[in-house]
Amino acid sequence: MPDHAARAPQAGASSRIVVIGGGPAGLMAAESARAAGAEVDVYDWLGSVGRKFLIAGKGGLNLTHSEDPAAFVARYGERRAEVGRWLAHFDAAALREWARGLGVETFVGTSGRVFPLDLKAAPLLRGWVKRLRASGVKFHMHQRWVGWNDAGALRFVQDGAEQRVDAERVVLALGGGSWPVLGSDAAWVSLLRARGVALAPLVPSNCGFDVAWSAHFAQRHAGHPVKPVVLECVDAHGHATRRQGEFVVTANGIEGSLVYAFSAQLRDAIAAHGSTQIRLDLVPGRDTRRLTADLARPRGSRSLSEHLRRHAGIEGVKAGLLYEALDRERLQDPALLAATLKSLPLTLLRPRPIEEAVSSAGGVRFDALDEQLMLKSIPGVFCAGEMIDWEAPTGGYLLTACFASGRLAGAAAANWRGGG
Ligand SMILES: Cc1cc2nc3c(=O)[nH]c(=O)nc-3n(C[C@H](O)[C@H](O)[C@H](O)COP(=O)(O)OP(=O)(O)OC[C@H]3O[C@@H](n4cnc5c(N)ncnc54)[C@H](O)[C@@H]3O)c2cc1C
């Protein structure tokens with residue numbers, strides 16, 4: 001595949017490029033712009049770059065996924081064509097090779113997810129920043145970008161003092177709206193909207209959902225994992241999707257990998273209908289008829305809890321979920337018990353706030369960008385990473401698309417010939 005970063009710069013490409021945002025997308029843009037011959041300055045308002053990337057390392061740093069390219073690109077849903085174009089230049093294999101170039105070997109976990117051997121982000125980030133500095137990339141920290149002045153210069157604020165920076169070529173890699181404490185506070189939304197850039201509202205993605213638990217259930221089971229469990233979700237066309245995995249009960253509702261996998265669909269259903277219902281199979285692999293027969297066995301003096309534990313393997317948080325769903329009278333009916341254990345309804349009221357989500361959807365719309373990720377309405381300004389309007393489930397798809405878009409935007413900025 002042709003790689004923009006490897007192309008020789010065209011006329012004028014040696015001029016300076018300002019990259020705003022030092023997350024994975026911005027750093028990758030800096031790297032590819034530098035490789036294409038540009039002078040590169042990276043600005044970030046925090047004291048160090050890659051804060052969210054480092055937090056991702058706490059979960060083992062799921063860099064990418066090993067599944068075949070067609071399945072991989074399908075993870076970007078409605079944006080598969082656009083993101084697929086980025087991945088054509090820098091895909092999962094290229095990302096692993098790139099990490100190897102920084103001395104970080106990767107491995108494929110049992111789920112097909114790809115991680116660094118040491119499961120850490122810090123060594124990778126340290127080595128990367130060192131290499132960027134050595135290549136001549138300059139870092140300007142504690143510089144908050146607050147827009148453009150009337151003359152078109154970039155405005156940065158540090159400790160209340162403003163400096164202006166002239167740059168014909170800019171890569172914005174400012175992140176989405178999740179975990180603002182790590183830098184991505186989405187203040188850019190109003191700055192770009194004021195310049196007429198079309199934006200889709202930022203909404204939570206890979207997020208938890210609120211459930212109206214009883215106080216007793218929340219108090220007793222918050223923090224407890226539900227596993228194994230099958231979650232079933234029915235879309236607007238009546239098509240059911242089921243997946244086995246696990247999630248965690250929280251004081252307000254549910255979260256965790258199985259819930260994140262469905263979060264885009266659930267979020268959109270709630271937006272359309274006010275709330276949505278999922279169904280849980282708490283006894284995956286067990287047949288309803290057999291389960292009914294087991295639960296119909298005489299209970300004698302045993303409590304219902306003990307009966308459920310013995311004959312259905314149901315206890316703890318799973319028993320709690322059952323008691324939330326059925327009242328005392330209906331708990332006595334073995335057929336109803338079995339049916340509920342196999343398909344327990346749970347109403348989701350709303351997604352958790354974007355600040356708590358792993359990532360966000362929405363942002364700069366694709367029709368506001370050309371194929372090189374330059375804003376059509378602001379020539380010379382390119383975008384990369386989570387601030388663009390795409391989303392993907394967890395599994396390494398987020399970082400891969402951030403890296404790939406940064407790579408493309410940085411090289412395109414370096415090779416941009418100017419408006420004239
Ligand atoms: C807890 C957690 C775990 C995750 N784990 C994984 C994982 O294992 N695998 C995976 O693929 N993805 C994971 N993600 C998602 C992934 O980290 C993000 O998608 C990715 O970091 C986005 O990269 P980005 O460069 O677009 O934005 P960011 O990483 O958010 O970087 C944006 C940068 O822009 C700077 N900035 C913002 N506004 C301004 C401004 N006005 N002026 C100057 N600087 C500004 C910020 O300070 C920040 O440094 C995780 C996310 C979270 C929250």
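How many bridges join strand β13 to strand β14? I looked that up and got eight, between residues 225-234 and residues 240-249, with the two strands running antiparallel. Strands here are DSSP runs (E, at least two residues) and helices are DSSP runs too (H or I, at least four), numbered from the N terminus. I take two strands as paired if DSSP finds at least two bridges between them.

**Ground rules**

I am working from a predicted model, so I noted its limits: local features need pLDDT of at least 70, side-chain atom pairs count only at pLDDT 80 or more, and totals for chains, interfaces and linings use all residues. Residues are numbered from 1 along each chain as its sequence is written, and side-chain values use heavy atoms, with hydrogens and water left out.

Next I traced the partners. β13 also pairs with strand β16 (residues 276-281), antiparallel, over three bridges, and Leu231 stands opposite Leu280 there. β16 goes on to pair with strand β17 (residues 344-348) over five bridges, again in the antiparallel sense. In that pair I found Arg279 opposite Pro345.

I wrote down the whole order as β17-β16-β13-β14-β15-β12-β18, an open sheet of seven strands with antiparallel pairing. β17 and β18 (350-351) are the edges; each has a single partner strand, so one side of each has no neighbour in the sheet.

What lies across this sheet? I found helix α13 (residues 316-325) across β13, β14, β16 and β17, running at about 45 degrees to β13. For angles like this, axes are lines fitted to C-alpha atoms, for helices over the stretch in contact, and the angle runs from 0 to 180 degrees between N-to-C directions.

**A stop at Val230**

I picked Val230, which is in strand β13. Is Val230 buried or exposed? It counts as buried because its relative accessibility is 8%; the cut-offs are under 20% relative accessible area for buried, over 50% for exposed and partly exposed in between (1.4 Å probe, protein chains only).

Val230 has a bridge partner in β14, Gln244, and another in β16, Asp281. Leaving aside neighbours within four places in sequence, I listed its contacts (heavy atoms within 4.5 Å): Arg242, Arg243, Gln244, Arg279, Leu280, Asp281 and Pro284. I also checked Glu324, 94 residues away along the chain, and its C-alpha is 18 Å from that of Val230.

**The three-strand sheet**

I then found an open sheet of three strands, ordered β3-β5-β4, with antiparallel pairing. Its edge strands are β3 (64-65) and β4 (106-108), each pairing on one side only. Three bridges join β4 to strand β5 (residues 113-116), and I noted Phe107 opposite Phe115.

**Two helix pairs**

Two packed helices are described by the angle between their axes and the distance between the axes.

I started with helix α4 (residues 80-87) and helix α15 (residues 397-415), whose axes come within 8 Å and cross at roughly 65 degrees. They are therefore roughly perpendicular; under 35 degrees counts as roughly parallel, over 145 as roughly antiparallel, 65 to 115 as roughly perpendicular and the rest as oblique. The crossing is left-handed, a label used if the near helix is turned anticlockwise from the far one by less than a right angle, with clockwise giving right-handed. Val83, Trp86 and Leu87 of α4 meet Thr400, Ala401, Ala404, Ser405 and Leu408 of α15. By class I have six nonpolar, two polar and no charged residues; Ala, Val, Leu, Ile, Met, Phe, Trp, Tyr, Cys and Pro count as nonpolar, Asp, Glu, Lys and Arg as charged, and the others, Gly among them, as polar.

Then I took helix α11 (residues 288-295) and helix α12 (residues 304-312), with axes within 9 Å and a crossing of roughly 140 degrees. That makes α11 and α12 oblique to each other, and their crossing is right-handed. I found Leu291, Asp294 and Leu295 in α11 meeting His307, Leu308, His311 and Ala312 in α12. This contact has four nonpolar, two polar and one charged residues.
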